[in-house]
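Student: Hey, could we go through this structure together? I'd like to take it piece by piece and ask things as they come up.
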Amino acid sequence: MNQEIIVAILATAITAGTPILYAALGEVLAERAGILNLGVEGIMLVGAVSGFILALHTANPWTGLAVAMLAGGLMALIHALLTVTLKANQVVSGLALTMFGTGLSGYLGKAYVGKPLPVPFKVTPIPVLSDIPVIGPVFFQHDPLVYLSYILVPALWFFVFRTRAGLHLRAVGENPAAADSMGINVFFIRYIYVIIGGMLAGIGGAYLSLHYVPSWMENMTAGRGWIAVALVIFATWNPANALWGAYFFGGLDALGFRLQTLNVMISPYFLKMLPYIFTIVVLILVTKRNITNHIGAPQALGLPYDREER
Amino acid sequence: MTKPYLIELKNITKRFPGVIANDKVNFNVKQGEIHVLLGENGSGKSTLMSVLAGLYRPDEGEIIVRGTQMVFRSPGDAISAGVGMVHQHFKLIDSFSVAENVILGDHNVAPVLNMKDIENNLAQLSQRYGLHIDPSARVWQLSVGEKQRVEIVKMLYRGSRVLILDEPTAVLTPQETAELFKNLREMARSGRGVVVITHKMQEVMEIADRVTVLRKGKAVATLEKKQINRRDLAWLMVGQDVVRQYKKKSPPGEHKVLELQGVHCMNDLGRPCLQNVTFTVHSGEIFGIAGVAGNGQRELAEVVSGLRPVTGGSIYIKGNEITGGSPRRIIDHGVALVPEDRLGTGLVPNLGAVDNLILKDYRTGKLQRGPFLNLRQARENTKNLVNRFEIKLSSLDAPVKLLSGGNLQRLLLAREITAEPHLLVAVYPVRGLDIKATEAIHNLLLQQREKGMAILLISEDLDEIFKLSDRIGVLCNGQITGIIPAEMTDIEEVGLLMMGSDQAGEIAL
Amino acid sequence: MIVYGTKYVIEKKLAPSSSAYVVIPFSSIILALLVGAAFLVLSGHNFFEVYTAMFRGAFGSTYGLSETVVRTIPLTLTSLGVALAFRMQLWNIGGEGQLYMGAFAATWVALTFPGGSAWWVMPAMILLGMLVGGLWALLPAIPRAIWGVNEIITTLMLNYVAIFWVDFLVYGPWKDPHGFNFPLTATFSSGAILPSLGNSRIHAGLFFGLILAVIFYVVIYRTRWGYEIRVTGENPGAARYAGINIKKNIMLVMFFSGAVCGLAGMSEVSGIAHRLQHGLSPGYGFTGIIIAWLSRLNPFVIVIVTFLFGGLQVGGYIVQTSGIPSSMVTMLQGLLLFFVLGGELLTNYQVKKVPAKKVTAAPAGDDSV
């Protein structure tokens, strides 16, 4: 393969990884607060369809994006209500959310299937930076949402590990009883981050329908929401690590696509399996690594908090 | 003594489903004093203090802070009113640094954390009270004593005027205890009020300016320092004369049932726990393990029942080596266990009595019918046991989590005893039970002893150990510091052994 | 200053009320239908007409009823399969993939011995379908048992792999040369086809579900192994304490869970499609999860609830002709689960009114400390 192809694959890896990245960042926040949200896939779909519909009607991808965030936040609110206030089983609630989101997005998007979007997020090369050889075309010839994620990742890392609010977030996920005893409002914090997590997943979904494809198809996320959930474990609940993981999976996507066009003698169906198989392999390796290094999920992940429990 | 009250609790009542934990309790703290709250386990001390710390909301009563009535809706409210609590089970986040734990929930800290500055401030604050801690250390690296200091610094940092410590010495060595008491005295001198919750009389004698005694949820007396004496306190606390040993009909047997030879094991954090533990329990003998909680009692029970791997030494049941055996193999060798955590380990809370009673013998004997369970037999057995052990059930299939503590323990004991084990390991068998239920359980244990069962009794309650045991082994820092026949010793001597050395220490009632 | 007001808190109840077990599922169904109606109205449909049409379509005619039963067959199997795993708190979300792998294995038998109307073809299809479905579920069970690798994600990922595998076969090596390039295999010979009832599409696979429901019940409530599963699912700590081999049971339970889902796939190819094809299952594996949860993992309740869900799916299919997207059914299923989850809490918790008072800042004292 020559340099051009490699550069193209790397650039596509970033584009393909970005929706997963947004969703994974959202899930990092929710899980840091102690709430496992398995509804990411459903939230992304609702984000994708609502973003697409609004962008189409307003002829502006940014309104689409805003609505996708709103829809994602509302979807996550259902999960927060069920798991934080009503203390429902987080696994089942998340599955219900994915089911609901899949159905809702299909329902809302029925009339829009396959319609082209005249106003997708456009590739806007960054002046000067995009002219750097190799680096430029790989990192700086993208759409605004990719650039936004470049800022978001370090910002979230800083927020989680270097600020007071981030400290409170981590405390709630690690030991809600301790946080509560120090006057931190556990319920409020869990609500907030589950909702923000949903908004980020909404962006991830909208990225697919507003740039990556850009069009609406039923079930267009094709398991990316689930990959994002797996990615959080891979990233050891650290926003910065989520970046590499997302680009790795994006790269697998891109590679499969490229190999097909290069007439490599591998069935496209096997290439399509790659990201899913890799997710499993990576999850096994990472779980083993996390055990030996004593890196664990936030201690209270998946557990409802009940103050008067005796 | 005209110093103002920092805080007053008036007629506090707190009910939990089925229990009145506090019944119209009055309690107050003056500036500059150390006020000890004394009472047996289950007398309502911790509940009262949780009310004061904003964790529980009282059903009735008032909280008055420096003359103003207040309602604490959350621990945050209590902290901002100047009430800080150091819980028995520390409320610390293990993966955080000391400094991060201390500033948690403080909204006066800058939004972007400057840990260097914060750590320097903390170092100064802790120096002032002689509390030595490293603000940048991770909590999981700290010893128990250090963790407790972090909790205290946390409350001082948040400006607590009233500092409550729940059973602070339960997990400390004598040296650490002495150090703590010095620090507490220093804090009182600086004008704060200190509340120490305990069930140990020695501590009252050592540090109390005043003492309030709690019994069965009621405050029975508040005494000034000069009025305090041991006899009265004991009587106030228990409400009856202390029972000495139960009468035993027969002497213990000769056959060795359980033998531990130089057993070592690790605790949950992978640090050495039991060290070179050697002792023998004979048939028809109750062997009591005394010691301050957290000195390896739980681990000892788990090692004997196969739930925790042994890292050295060997264990024999009736001469057969079972070291490293699976729980199942050890059960098959006739070892029964009444675990510390009844609902969490010993029983299945959502299943009914029938399903819980067959937990150990579902795969053996009469209950087996090919791959099937003989359910008719199981129900029959359950009915018999429920009658024989006087377990009060609404129905045979109602989830057992609905039972009271006494009934749960009877159910558990019924199952473990009817398996006719050679050895019964009972961990804190009467913890949380009222006096009537306690006596019933004790009688059950004595009956089994008469029948020739070997019983390893692990308890933090020295009184219980003395009442039941034939011999007493003292466990301290994972080591057996002495084994003495019960009739040849007294509480004082065992108390000394619990300290691991012959220096004067505390005496638990 | 003290501010008085009223606040509601959620408190644990000591004993759940038994009436809740009946009231909550029914009110959940009604609430889900109401919210669904709101969506229908918002998109300009008459919800009453739509619901009536769905009900008539599913239960109002012999044809509709028979189609409902046809849907019930795979759904019963997948829900029984995942319910077995859920009993042990194993989240097998991979029923869909296990179904496809079962279908693949059964198809292999049928295609390898074409024209073979030998007596053993059908049993071989059943056994191999179950075996491969079970092995597919064992794949994620092994890392789960040994290292605690999250089985939710691994089982789910394997769904995609299984579906692509079947796609590879029906678009590639197994494609019927006489199939006008459609993604399907050749039709099975008669020996590989499950007998069906009269002219309807109801086939003998119905008995698989009914028999397995009974077996499920007997195994769970009457056998020693089932007892181990129940204890482990309710309290793993107690299971360890009782000497139960948890790792072994994780693998066994997942294997059988997958085997039953595999049987669903076998019965679909052998009883309905009579060939392997792209898009064999419209999400039976996922719907099975909902049914299992709604039925509180009780096998007989599963059979009844499945019948309702079969009707829901057929009804959804019928009203597609009047412009209602079939995804409405998926949405209703999700809504139903929300309400059941929320309602379940009302069995264990109660809402209690408490006076809320506002605390004022501590009065200023001397802060000379």
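Tutor: Gladly, and please keep in mind from the start that this is a predicted model. One stretch to look at is residues 225–249 of chain A, where the chain is 84% helix and 0% strand, with the end C-alpha atoms 12 Å apart.

Student: What does UniProt call that stretch?

Tutor: The unreviewed UniProt entry places the feature "transmembrane region" there, and it gives that feature to other parts of chain A as well, including residues 6–24, 36–56 and 62–84.

Student: And how much helix is there over residues 6–24?

Tutor: Over residues 6–24 of chain A the chain is 100% helix and 0% strand, and the C-alpha atoms at the ends of that stretch are 26 Å apart.

Student: Switching to chain C, how many helices and strands does it have?

Tutor: Chain C has 13 helices and two strands, and of its 369 residues, 56% are buried.

Student: Which helix of chain C is largely enclosed, and why?

Tutor: That is helix α8, residues 224–234 of chain C, which is largely enclosed by the rest of the structure because nine of its eleven residues are buried. Among the buried ones in α8(C) are C:Arg224, C:Tyr227, C:Glu228 and C:Arg230.

Student: How many residues of chain C are in contact with chain A?

Tutor: There are 45 residues of chain C in contact with 47 residues of chain A. Of the area that chain C buries against chain A, C:Met157, C:Phe164 and C:Phe338 supply 16%, more than any other three residues. Between them the two chains bury about 4,100 Å², with 84% of it on carbon and sulfur atoms.

Student: What about chain B, say B:Ile79: buried or exposed?

Tutor: B:Ile79 is buried, because its relative accessible area is 5%, and this residue lies in helix α2 (residues 75–80) of chain B. Leaving out residues up to four places away in sequence, B:Ile79 touches A:Ser181, A:Met182, A:Gly183 and B:Arg158.

Student: How far is B:Ile79 from B:Gln409?

Tutor: They are 330 residues apart in sequence and 38 Å apart in space, going from C-alpha to C-alpha.

Student: Last one, then: where is B:Gln297, and what does it touch?

Tutor: B:Gln297 is in helix α9 (residues 297–304) of chain B, and B:Gln297 counts as buried because its relative accessible area is 1%. Apart from residues up to four places away in sequence, B:Gln297 touches B:Ile289, B:Gly291, B:Val292, B:Tyr428, B:Ile458 and B:Leu475.

Definitions and conventions. Residues are numbered from 1 along each chain as its sequence is written. Chains are lettered from A and ligands numbered from 1 in the order in which they are written. This is a predicted model: local features need pLDDT of at least 70, side-chain atom pairs count only at pLDDT 80 or more; totals for chains, interfaces and linings use all residues. Side-chain values use heavy atoms; hydrogens and water are left out. UniProt positions are given in the numbering used here, feature names are shortened, and annotations may be inferred rather than shown by experiment. Helices (H or I, at least four residues) and strands (E, at least two) are DSSP runs, numbered from the N terminus. Buried means under 20% relative accessible area, exposed over 50%, partly exposed in between (1.4 Å probe, protein chains only). Contact means heavy atoms within 4.5 Å. Buried area is the accessible area (1.4 Å probe) that two parts lose on being put together, summed over both.
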